[in-house]
Amino acid sequence: MKVGIPKETWPGETRVAVVPAAVAGLVKSGLEVVVEQGAGIAAGFTDEAYRAQGAAVVPRAEVFKASAVVLQVRATPGDPALRSGQAVIGFADPLGAPQAIRTVAATGATLFSMELMPRITRAQSMDALSSMATIAGYKGVLLAATTLPRMFPMLMTAAGTISPAHVFIMGAGVAGLQAISTARRLGAKVEAYDVRPAVKEQVQSLGAKFVELPLESADSEDKGGYAKAQDEAFYKRQREMMLKVVAASDVVITTALIPGKPAPILLTREMVEAMAPGSVIVDLAAERGGNCELTKPDEVVVHQGVTILGPSNPPALVPYHASQMYSKNITTFLAHLLGKDGAAQPALPINPDDEITRETLLTRGGEVVHPRVRDL
Ligand code: NAD
């Protein structure tokens with residue numbers, strides 16, 4: 001079976017779905033690998049490095065023509081090169097842009113969504129949302145640190161004492177927890193808040209203070225560990241209570257997301273205006289609309305002296321390791337789908353009885369087959 005790795009075409013995308021080091025494993029499992037010329041360059045991987053691991057480097061059209069399975073970071077919806085029976089695996093944004101999934105279905109291609117990977121132990125090494133969130137949390141803090149006109153650590157020097165930066169992390173999931181550790185390593189004083197009370201201990205174990213709001217949020221978590229959406233009255237009270245913490249912070253990093261919904265607004269204009277001039281907000285939810293009312297994706301907004309950054313694709317700012325981690329996730333998923341002797345077959349075998357397959361499979365045989373996405 002031939003596996004293709006095209007160059008990503010999404011604006012600003014620097015990652016590549018599979019790195020050269022992972023090609024050797026694919027070849028060893030009996031797959032033939034074709035890579036588009038220049039596919040890894042933006043992430044630091046040369047065509048030569050792919051060839052050295054046993055891949056053929058070919059023009060784009062040939063990747064799509066030759067491959068039974070196409071591995072992508074962004075499974076470009078409606079790529080005209082897709083054809084019936086061909087399998088595509090990548091981030092497909094099925095809950096955010098469900099219409100586009102129909103376009104892929106119309107090509108007859110079989111599309112798998114990396115976003116819908118179930119959060120079960122068996123699928124942990126295929127969980128690309130978590131690996132990309134790890135990178136986003138790390139990079140978000142570095143962006144804040146280089147923008148802030150202050151240092152992060154406390155220093156006692158002959159020229160006086162420097163007080164540590166106060167960093168507030170809103171949303172303590174995978175990205176938020178990584179942001180906490182990164183900010184702590186830089187010496188900041190860190191506070192964090194999440195609507196799921198279950199994360200309190202994790203926050204504390206990383207050396208940050210958990211901000212407790214006397215809010216009723218018992219029903220805050222779904223069975224997959226994701227936050228549930230709350231009503232507007234809840235968000236309003238949450239913002240009122242958070243104003244004081246925000247006003248006392250030099251840096252606020254927001255990471256709050258609800259699967260399939262726009263990001264909740266946690267920072268209003270009023271809250272931004274309560275921050276001291278020079279403060280920095282990094283909104284890691286920018287791609288989903290942002291947690292801050294004033295965020296403009298990929299623009300630097302300065303509002304009354306407060307800088308608001310909303311990088312829409314933070315993992316693409318760390319393309320080498322983002323690609324390395326994604327590559328591990330997607331090739332493990334592919335190996336799972338192939339099973340024992342799938343590599344010898346002409347097309348990707350589909351086992352609808354398998355939970356991982358069922359949860360991630362979006363289109364097949366011209367139809368959108370995922371019930372939730374079909375309903376949307
Ligand atoms: P996410 O990216 O969907 O959301 C980020 C965080 O924002 C979450 O912690 C969420 O609770 C929080 N949030 C949402 N609304 C909020 C609000 N109004 N105020 C404050 N915070 C809000 O989630 P994620 O980081 O991908 O994952 C969440 C959790 O899922 C993880 O912390 C972990 O416990 C669990 N998880 C499990 C597995 C697994 O079992 N394999 C893998 C990854 C994550």
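The following legends describe close-up views of a predicted model.

In this predicted model, local features need pLDDT of at least 70 and side-chain atom pairs count only at pLDDT 80 or more, whereas totals for chains, interfaces and linings use all residues. Residues are numbered from 1 along each chain as its sequence is written, and side-chain values use heavy atoms, with hydrogens and water left out.

**View 1. Packing of helix α5 against helix α6.** Helix α5 spans residues 128–147 and helix α6 residues 174–185; helices (H or I, at least four residues) and strands (E, at least two) are DSSP runs, numbered from the N terminus. The two helices pack at an angle of about 40°, with their axes 7 Å apart. Axes are lines fitted to C-alpha atoms, for helices over the stretch in contact, and angles run from 0 to 180 degrees between N-to-C directions. α5 and α6 are therefore oblique to each other; angles under 35 degrees count as roughly parallel, over 145 as roughly antiparallel, 65 to 115 as roughly perpendicular and the rest as oblique. The crossing of α5 and α6 is right-handed, a crossing being right-handed if the near helix is turned clockwise from the far one by less than a right angle, and left-handed if anticlockwise. From α5, the contact (heavy atoms within 4.5 Å) is made by Ser130, Ala133, Thr134, Gly137, Tyr138, Val141 and Leu142. From α6, Val174, Ala175, Gln178, Ala179, Thr182 and Ala183 take part.

**View 2. Gln178 in helix α6.** Gln178 is located in helix α6 and is buried, with a relative accessible area of 18%. Buried means under 20% relative accessible area, exposed over 50%, and partly exposed in between (1.4 Å probe, protein chains only). Not counting residues up to four places away in sequence, Gln178 touches Thr134, Gly137, Tyr138 and Arg185.

**View 3. Packing of helix α5 against helix α10.** α5 and α10 pack at an angle of about 165°, with their axes 9 Å apart, and are therefore roughly antiparallel to each other. Their crossing is right-handed. Ala128, Ser131, Met132 and Ile135 in α5 meet His321, Ala322, Met325, Tyr326 and Asn329 in α10.

**View 4. The largest nonpolar core and Leu334.** This core has 47 residues, and those with the most contacts inside it are Val69, Ile89 and Leu334. A nonpolar core is a set of buried Ala, Val, Leu, Ile, Met, Phe, Trp, Tyr and Cys residues joined through side-chain atoms within 4.5 Å. Elements that each supply at least two residues of this core include β1 (2–5), α1 (20–28), β4 (69–74) and α10 (319–338). The largest share, seven residues, comes from α10. Leu334 touches Val3, Leu26, Leu31, Val69, Leu71, Ile89 and Leu348, not counting residues up to four places away in sequence. Apart from this core lies another, of 27 residues, among them Leu215, Met242, Ala256 and Met271.

**View 5. Arg239 in helix α8.** Arg239 is located in helix α8 (residues 232–247) and counts as buried at 15% relative accessibility. Its contacts, not counting residues up to four places away in sequence, are Glu232, Ile265, Leu266, Thr268 and Met271. The C-alpha atoms of Arg239 and Glu270 are separated by 9.8 Å, the two residues being 31 residues apart along the chain.

**View 6. The loop residue Asp298.** Asp298 lies in the loop between β13 (280–283) and β14 (300–303). Its phi is near 60°, a positive value in a residue other than glycine. At 55% relative accessibility, Asp298 counts as exposed.
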